[in-house]
Amino acid sequence: MNITAQQAKELMDREEGYVILDTRTQEEYAESRIPGAILIPHDEITEKAEAVLTDKDQLILVYCRSGRRSKLAAEALVELGYTNIKEFGGIIDWPYEVE
């Protein structure tokens, strides 16, 4: 379930049909994000995930600022029945492109 930023980038480069999930706040998301990321704040995962993330077998790559919230969000997704969750920590450790 936990992977490195490099492993996440490799998955993004070779896979298709995945979701990059940002679990920070709206304000943090507005400042900068990994290109293509969608936002569901970690404290809203339980309420919003199933409406937004309809395929529970889809590859979902989860991050936040430092790794704490993404870990909580990833655990919540697994509890909701998602099967392909990869949590790669925080954007502060992301050495690749942001927007």
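## Close-up views of a predicted model

**View 1. The protein chain as a whole.** Read along the sequence, the protein chain runs through the pattern α-β-α-β-α-β-α-β, and this amounts to four helices and four strands. The model is a predicted one, and every value in these legends is to be read with that in mind. The protein chain has a radius of gyration of 12 Å, which agrees with the value near 13 Å that a compact globule of 99 residues would have. Taken along the principal axes, the box filled by its C-alpha atoms is roughly 30 × 30 × 20 Å. Of the 99 residues, 43% count as buried, while the accessible surface comes to about 5,400 Å², with 45% of that surface belonging to carbon and sulfur atoms. Among the contacts with a separation of 6 or more, 68% are made by residues 24 or more positions apart.

View 2. An α-helix has 3.6 residues a turn, so residues three or four places apart point the same way.

**View 3. The aromatic rings of Tyr-63 and Phe-88.** The structure holds three aromatic pairs, and in one of them the rings of Tyr-63 and Phe-88 have their centres 5.5 Å apart and their planes at 35 degrees, so this pair is tilted. The pair links distant parts of the chain, with Tyr-63 in strand S3 (residues 60–64) and Phe-88 in strand S4 (residues 85–90), 25 residues apart. Tyr-63 and Phe-88 are both buried.

View 4. Trp-94 counts as buried, with a relative accessibility of 8%, but Tyr-96, at 29% relative accessibility, counts as partly exposed. Ring pairs link Trp-94 and Tyr-96 with Tyr-63 and Phe-88 into a cluster.

**View 5. Charged side chains over tyrosine rings.** Over the face of Tyr-96 lies Lys-9, at 5.7 Å from the ring centre. In a further example, Arg-33 lies over the face of Tyr-29, and here the distance from the ring centre is 4.7 Å.

**View 6. The surroundings of Thr-46.** Thr-46 is found in helix H3, which covers residues 45–52. With a relative accessibility of 51%, Thr-46 counts as exposed, because the cut-off for that class is over 50%. When residues up to four places away in sequence are not counted, Thr-46 touches Ala-76 and Leu-80. The C-alpha atoms of Thr-46 and Leu-77 are separated by 7.5 Å, although these two residues stand 31 residues apart along the chain.

Definitions and conventions:
Residues numbered from 1 in each chain as written. Predicted model: local features only at pLDDT ≥ 70, side-chain atom pairs only at ≥ 80, totals over all residues. Heavy atoms only, no water. Helix = DSSP H or I, 4+ residues; strand = E, 2+ residues; numbered from the N terminus. Buried < 20%, exposed > 50% of the residue type's maximum accessible area, 1.4 Å probe, protein only. Contact = heavy atoms within 4.5 Å. Phe/Tyr/Trp six-rings, centres within 6.5 Å; stacked < 30°, edge-to-face > 60°. Lys NZ or Arg CZ within 6 Å of the ring centre and 35° of its normal. Rg over C-alpha atoms; globule rule 2.2 N^0.38 Å. Areas by Shrake-Rupley, 256 points an atom, 1.4 Å probe, with all protein chains shown as cover.
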